[in-house]
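Subject: Structure handover

Hello,

The structure is below, followed by notes on what was found in it. Please read them alongside the coordinates.

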Amino acid sequence: MSRMKTYDGPASDHFNGLHFFDPDGAPPKPLREVLRWQFSGKRQRAAWPDWAPSPHADTPPERVDGGKARLSFVGHASWLIQAGGLNILVDPVWSSRVSPVGFAGPKRHNDPGIAFEKLPKIDVVLVSHGHYDHLDIATLSRLAKNFAPRVVTPLGNDVTMRSTDSSIKAEAFDWHDRVELGGGIAVHLVPTRHWTARGLFDRNKALWASFVLETPAGKIYVVCDSGYGDGRHFRRVAEKHGPLRLAILPIGAYEPRWFMRDQHMNPEDAVKALLDCGAQDALGHHHGTFQLTDEAIDAPAKALVEALDAAQIPQQRFVAMKPGQVVEI
């Protein structure tokens with residue numbers, strides 16, 4: 001692990017020559033705190049059902065043209081976004097586990113909302129960071145073999161991909177870069193409050209990001225993983241990229257709060273993020289597929305309803321998605 005290939009580039013306001021950092025964020029918890037969470041006798045980890053199938057399944061069209069966008073929720077943080085004649089996957093994971101090994105680690109509790117065989121031709125893949133529930137080499141290799149898509153990712157994650165499979169057409173970009181994708185669509189990589197690692201010795205040696213997609217249907221803000229902090233990351237996106245038609249916001253993997261608060265939002269935080277970024281509508285994800293933390297499988301969706309009521313926001317403005325559900329804008 002200590003000899004893993006990692007990013008090598010010039011220092012910046014968020015890279016010190018060895019590690020990336022968020023000047024407005026918080027570093028990940030040290031190993032001793034991880035062990036305290038995992039093995040404390042006070043830990044309260046909710047039991048998930050072994051299998052929790054979604055009532056939905058999607059068969060996408062080959063393309064979506066005109067002024068519309070079609071978003072299909074695959075599960076966890078994986079999406080198919082179709083607009084401008086392009087088919088874009090976000091953080092695609094079709095594997096049964098999100099782990100360095102195939103025989104252990106968090107496993108799926110429901111099938112992907114789109115069967116892999118029913119995917120249309122994939123043109124572009126966006127990968128937000130290197131955690132195993134977002135950067136899945138097995139899925140990326142499968143996509144490379146079937147479709148050879150462009151893979152757009154923050155700095156350093158391209159090294160991870162190509163060092164394992166040279167056929168993955170990874171292109172790495174920095175925060176604030178704008179990448180033309182074709183069909184009148186572009187993507188901006190924007191700062192997000194998180195971190196990344198693949199092993200014990202490569203913590204924050206690659207970058208992490210959220211995405212703002214320019215589409216014919218409006219701008220879509222895709223937040224794959226983020227803490228809330230004081231909300232400045234979301235307000236800055238509103239200032240620089242607004243108005244936003246839609247925000248995709250994480251609502252899961254948040255308990256216990258003393259450990260997760262800096263890196264993962266709970267539904268109350270996600271509602272604040274919606275108000276800060278000013279998006280017209282929002283979709284909730286990052287819940288209900290892989291048990292990464294301690295809350296119950298249905299806790300995020302229930303807590304989102306309560307948080308919206310408390311903020312006097314209509315329920316239809318921010319919906320917790322299930323795999324296979326589709327939204328068109």
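Arg193 is buried, at 10% relative accessibility (buried is under 20% relative accessible area, exposed over 50%, partly exposed in between, with a 1.4 Å probe and protein chains only). The side chain of Arg193 meets that of Asp262 in a salt bridge, at 3.5 Å from N to O (a side-chain nitrogen of Lys or Arg within 4 Å of a carboxyl oxygen of Asp or Glu). Arg193 lies in the loop between strands S8 (185–190) and S9 (210–215) and Asp262 in the loop between helices H5 and H6 (267–277), so the pair ties together parts that are 69 residues apart in sequence. Helices (H or I, at least four residues) and strands (E, at least two) are DSSP runs numbered from the N terminus. Asp262 is partly exposed, at 24% relative accessibility.

This is a predicted model, in which local features need pLDDT of at least 70 and side-chain atom pairs count only at pLDDT 80 or more, while totals for chains, interfaces and linings use all residues. Residues are numbered from 1 along each chain as its sequence is written, and side-chain values use heavy atoms, with hydrogens and water left out.

Other salt bridges

The count comes to 21 salt bridges. Arg235 pairs with Asp276, with 3.7 Å between the closest N and O atoms. Arg235 is in helix H4 (residues 232–241) and Asp276 in helix H6, so this pair ties together parts 41 residues apart in sequence. Arg235 is partly exposed at 31% relative accessibility, whereas Asp276 is buried at 19%.

Asp158 is buried at 10% relative accessibility; Arg162 is partly exposed, with a relative accessible area of 36%.

Pocket and cavities

The largest pocket has a volume of about 1200 Å³. It is lined by 33 residues, and Val34, Trp37, Gln38, His131 and Trp195 are the closest to its centre. On a 1 Å grid over the protein atoms alone, a pocket is an open set of points with protein on both sides within 12 Å along at least five of seven lines, a cavity is a set where a 1.4 Å probe fits but cannot get out, and lining residues have an atom within 4 Å of a point. Grid points are joined across faces, edges and corners, and a volume is the space filled by probe spheres set on the points. Helix H1 gives the largest share of the pocket lining, four residues. The lining divides into 16 nonpolar, 10 polar and seven charged residues (Ala, Val, Leu, Ile, Met, Phe, Trp, Tyr, Cys and Pro count as nonpolar, Asp, Glu, Lys and Arg as charged, and the others, Gly among them, as polar).

There are three cavities of 30 Å³ or more. The largest cavity holds about 100 Å³ of space. Of its 14 lining residues, Thr160, Arg198, Asp202, Lys205 and Ala206 lie nearest the centre. The lining of the largest cavity has four nonpolar, six polar and four charged residues.

Regards
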